[in-house]
Amino acid sequence: MLNVSDDFKIAMKQPVKELSAFIKNDDDNIIITDANDLISFKISCESELCKTAMKKIEIKCYGDYNLLGNWFKAGFGVKLSNNQYEYLDYGSFLIDKVTVSKDTGITTATGYDKMVNSMIIYKEQIINYPLTLYNYAQKMCEQCNLQLYNESFSANNNFLIYGDLYKNINGITYRDIFVQIAEATGTTCIIRDDKVYFKPLTVTNEKLTYYNMKKLSLEEKYGEINRIVLARTPAEDNIYYPKNIEETEINEFKIENNEIIDKRREEAIVPIYNALNGINFYPFETTTEGLGWYEIADSLDIENENGDVYNTSLFNFSITIDGGINEVLKSTAKTRTQTQYQYATSINKKITNTEIIVDKQKQQITELVEESSDTQQKVSKVIQTVDKLNSKISDIADITIMSEGTYGKVNFTNINASEPIYISIHPILDNISYLYPRNNLYPNDDLFMPTRILRFTNTSTEEIFEYELPDNLLWCNGTYDEFILSYDSQICKVIKKCGYNADGTTYVLDNEQIVEYEYPTINLTDGDYEIELVGYDNAYIMCRLMAQNIYTTQFATKAEVNSEIKQTTQEIGLSVDSKLSNYSTTAEMNSAISIKANEINSVVSNKVGKNEVVSTINQSAEAIRLTAGKLIFDSNNFKLKENGEIIATGGKIGGFNLSENQFSTNINDTYKFDVTDINTVLAYSLGYISLPSEMISLYDADNNNTINLLDVVRLINTMNGSYNYKPEIKGSVEINPLNVKESFVVKNNNNTLKTIISLFSIFSNVIRANSFIAGNQVGTNFSGVTIDSEKKMITVTDGTNTAKITPTLIQAQTVSQTSLAEKKKNIEMFENALEEVLNTDIYSYNFINQKDDDKKHIGFIIGNKYKYSKYITSIDEEEKEIGADVYSMVSVLWEAVKEQQKQINKLEDQIKEMEEKINGKNSI
């Protein structure tokens, strides 16, 4: 009801009254009145329970007042007994249509109140979830440039929204969302004082008597509402509350496809019932003497000519000010619905459940058939989207019981002696922390100060068990810390998402932190329990305890078996799972097959506790890959045993032949000469070294049993490809572990035994052979080359010049890297060399194996913390940077000097040009 004084009401009920109508602009300046150009205005509105209401205005006036597209306020005043006017303001209206009659000069304008702002398409919001339904309503109003009139909701005020509900629903407007908020809160959404007001049905204690009305019609009473049905249509997937009502006495109120409460209908339905229970009214229509202060969702009494009084509620009205006043008040009965309760589900006890869930946001249909009891749940589920079809059948026996609530308290019945299985706690709207009273403040015995005490009260035995949360839990704008206690993983932790400012306010952390604490022991006894966070009535608590039944002491805590089929256009997936859980161990067995157009994958796994065994088969058109902890083959000719032993009666692996007692291959290798061979032959021909007969035969190119310079020339030509001297070694290699004397045999073409490695020799870690030939063996000091194995140094000298190679040093008179064009390819000019030099830092350092007081080296450092150029590093065969490429480093510096010289030359030219401008071109 609009706010007016009693004097206003008295004046409006007089047979004769003086009115003054006005139109104001958005700055509250009156621009049109009935004293000048205003002919009339009419305000009307139509709505119903749990819907939205938008007022419409129609203005008629003379002249052009630039109304189109602008906001204006409309209202009227009545002269009181003191000859002063009191005014009633109907709020702001946006004019969206203007028509001017050229014949009469009359302008007709039409507009709508602030609800018109909500008539825009919803856009995905950036919101910190979760947040309460009240805060969510505030966010939705902000997106429409509106304010929320309510300070709270009486129903589902703290109902949590966990994510964006509408981002994937095409065409939905904010006004549609306001309707769903009104349904979830048991209110009707109107505009009051230009703000969005989710208004509960409001008793006004007003009565319209027979003398206040010009005519009246009444219909059969609607209500009383005594049942709430939350429906998913068109599937007729419904739940209802309460249960025990005679069918002939049911007056239900049905809410369909509400996205806000859809996933948690059982949680939301009771508060909605409490808000709407008992509502009833007589549909009516009356023309009054003209009052003006009634508002949508007002409840009032109507008295007929016989003095009979009927209670009704207002959902439609129109009022016209045209020098006089004409007012019509009206309500129509909400269309009655009748749910097929034999197919619906009572929330009091869900023994069986059949649901079809249409999720418009995800564009998904879920069909669910469920049968549940205290200890067992059987589920058949099909999920369908535009591009996939999943079906799943599961059988779960769970003898734990879970309860959750948002008022700092939960209750359990028939709990078995055990520790809590799982606990989750987080604040709602306020911090969970200690509050200490002053020393001189003594609270009453029934006043509990906010603490961090979680109290378990066994209401059967009056035993009390208490646990103190290890840290404060903070809340900031919908973001909150969370406490987790998990028996299965023996984890006690707090997920920190908020922090304290210096002034005691909170802020959201940039990155969440997880703080783990010592796992506590909370030994509960048999009985019924009340679990309470002492001093808090707005905290979320979820707790899972052991239920008391036959399974508790005889079987595991949970047995779960599932089979599932997932099908898309690209893949078919089949899986069967079995899971057995108890206090100490969880055993999981899984098998799955994935079929695609180009491959088939199968996985079988068995996991007990943290130990898991998995075998996989991956099959494509090109290959089959098998992975398993144990791979077993069993056939007549080939066996692969569980311990990895291979047994084969015959076969071939690569170039090796496999028989029952022997593993062998033929060899045909060609000796390839290199520089070492040439140096050896030269040294021998010059008399510096001696060679065994086998090596002389190898290097004797003309087969004259001597080695001379002609043999050296032929060997050099063979290396260069101009001579075809290719001595060949042919024969076979045989491995026979069952033959002690010839376990490893190498033979030449004449089957002459070259090497035998005895089985007994292998066992004694000694390799024995008739002869051992190193074809390119040289002495430790020959022809100016010295190898010192103790110093790990190679020295090469010609008597005058000496070169040394050690693991840490290469020393020589000159070091030359090839730069011949014919040795290179992909040649390009290198640019920006100076930039590479400037971006490379040079350091002094010692190597790890040096002493701290050794002379330091100077160079760049390869590492993530250091600046260096990748153009001057050398890499290994794995393309890993391992050191400096000195030749590249010098070349980059060379090019950098050239780039600097170009800059110097350019600067010198600029200086010369400036000097000429200052002193004259021919100045000296």
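Which residues of helix 2 (residues 133-143) are buried?

1. Basis. This is a predicted model, in which local features need pLDDT of at least 70, side-chain atom pairs count only at pLDDT 80 or more, and totals for chains, interfaces and linings use all residues. Residues are numbered from 1 along each chain as its sequence is written, and side-chain values use heavy atoms, with hydrogens and water left out.

2. Helix 2. The buried residues are L133, Y134, N135, Y136, A137, M140 and C141. Buried means under 20% relative accessible area, exposed over 50%, and partly exposed in between (1.4 Å probe, protein chains only). Helices (H or I, at least four residues) and strands (E, at least two) are DSSP runs, numbered from the N terminus. The buried residues of helix 2 pack against strand 8 (131-132), strand 9 (160-161), helix 3 (174-185) and strand 11 (195-199). Just after the helix, N145 has a positive phi of about 60°.

3. Helix 6. In helix 6 (residues 675-685), D677, I678, T680, V681 and A683 are the buried residues. G687, just after this helix, takes a positive phi of about 85°.

4. E289. This residue sits in the loop between strand 17 (284-288) and strand 18 (298-303). E289 is buried but has no salt bridge, and K17, the nearest side chain of opposite charge, is 4.7 Å away. Here Lys and Arg count as positive and Asp and Glu as negative, while His and the chain ends are not counted; a salt bridge is a side-chain nitrogen of Lys or Arg within 4 Å of a carboxyl oxygen of Asp or Glu. Leaving aside neighbours within four places in sequence, E289 is in contact with M12, K13, K17, Y211, N212, K214 and I325 (contact: heavy atoms within 4.5 Å).

5. F281. The loop between helix 4 (265-276) and strand 17 holds F281. F281 counts as buried because its relative accessibility is 3%. The C-alpha atoms of F281 and K221 are separated by 5.7 Å, although the two residues are 60 apart along the chain. Not counting residues up to four places away in sequence, F281 touches K221, Y222, N311, T312, S313, F315, S331 and T332.

6. I646. I646 lies in strand 47 (residues 646-648). I646 counts as exposed because its relative accessible area is 56%.
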